[in-house]
Amino acid sequence: MLAPDARVRPAGRRPPAAPTPPKPVPGPMKSLSVRAQNVLKELAVELTGEQPPKGPWSPSRELLLALPAERLATARNCGPRTMREIIAWAQGCGVTIRPTVRPGGSLSEMWAGLIANASSGALTSAEIVGALQRSIRRKSVRIPVAFQVVLVKILLSGFE
């Protein structure tokens, strides 16, 4: 039974939909944050040999094209928020930097995932190298004991 105030509409007819606003056209943001600029300045020297000036700076298109998401994810001082900002800014400039499967994340989450992979026998040498490189770039002095045990076993067994 219908409520007394319910409207009865003929079958198959819908009320007109409200117009949706168009999606904004991508364009570069006004400027990058100081942290994002500093991350890109360090990467510019490494990836393109470009020497950015001190103070406000806008990265070149060549740098954005040469920048892999994996390198951005492991760059010093580049956390998840800064990575998202740089990727969005590059998108606005017409350069797509495909984010890694899991951008950011803490080092403890990374180590926990590697320990789980090692215990299931699915750990690869590339994962080990990547984790150690990321830990070094983030200047971490802590490597979990469980992972140290895994490394010792791997080194003793001649892991490939």
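Reply: What follows is a look at helix α4, then at the elements around it.

Keep in mind that this is a predicted model. Of its 160 residues, 29% count as buried. Among contacts between residues at least 6 apart in sequence, 60% join residues at least 24 apart.

Now zoom in on α4. The helix covers residues 80–92, 13 residues in total, and spans 18 Å from its first C-alpha to its last, close to the 18 Å expected at 1.5 Å a residue. Its buried residues are Thr82, Met83, Glu85, Ile86, Ile87, Trp89, Ala90 and Gly92. What do they pack against? The buried residues of α4 pack against α1 (34–47), α2 (61–66) and α3 (69–74). Just after the helix, glycine 94 takes a positive phi of about 90°.

Take leucine 72: leaving out residues up to four places away in sequence, it touches Val39, Leu43, Leu67, Cys78, Met83, Ile86 and Ile87. Three of those names, Met83, Ile86 and Ile87, are also on the list of buried α4 residues.

Side chains of opposite charge can pair when their charged atoms come close. A search of the whole structure turns up two salt bridges. In one of them, the side chains of glutamate 42 and arginine 76 meet at 3.3 Å, N to O. Glutamate 42 sits in helix α1 and arginine 76 in the loop between α3 and α4, so this pair ties together parts that are 34 residues apart in sequence. Glutamate 42 counts as partly exposed because its relative accessibility is 42%, and arginine 76 is partly exposed too, at 38%.

Another salt bridge joins the side chains of arginine 71 and glutamate 46, at 2.8 Å, N to O. This pair also links distant parts of the chain, with arginine 71 in helix α3 and glutamate 46 in helix α1, 25 residues apart. Arginine 71 has 14% relative accessibility, so it counts as buried, while glutamate 46, at 46%, counts as partly exposed.

Finally, have a look at lysine 41, which lies in helix α1. Lysine 41 is buried yet has no salt bridge; the nearest side chain of opposite charge, glutamate 50, is 10 Å away. What does lie 2.7 Å from a polar atom of the lysine 41 side chain? The backbone oxygen of glycine 55 does. Leaving aside neighbours within four places in sequence, lysine 41 is in contact with Pro52, Pro53, Lys54, Gly55 and Trp57.

How values were computed:
Residues numbered from 1 in each chain as written. Predicted model: local features only at pLDDT ≥ 70, side-chain atom pairs only at ≥ 80, totals over all residues. Heavy atoms only, no water. Helix = DSSP H or I, 4+ residues; strand = E, 2+ residues; numbered from the N terminus. Expected span 1.5 Å × (residues − 1). Buried < 20%, exposed > 50% of the residue type's maximum accessible area, 1.4 Å probe, protein only. Contact = heavy atoms within 4.5 Å. Lys, Arg positive; Asp, Glu negative; His and termini not counted. Salt bridge = Lys/Arg side-chain N within 4 Å of Asp/Glu carboxyl O. Polar contact = N/O pair within 3.5 Å; in protein donor to acceptor, adjacent residues only side chain to side chain.
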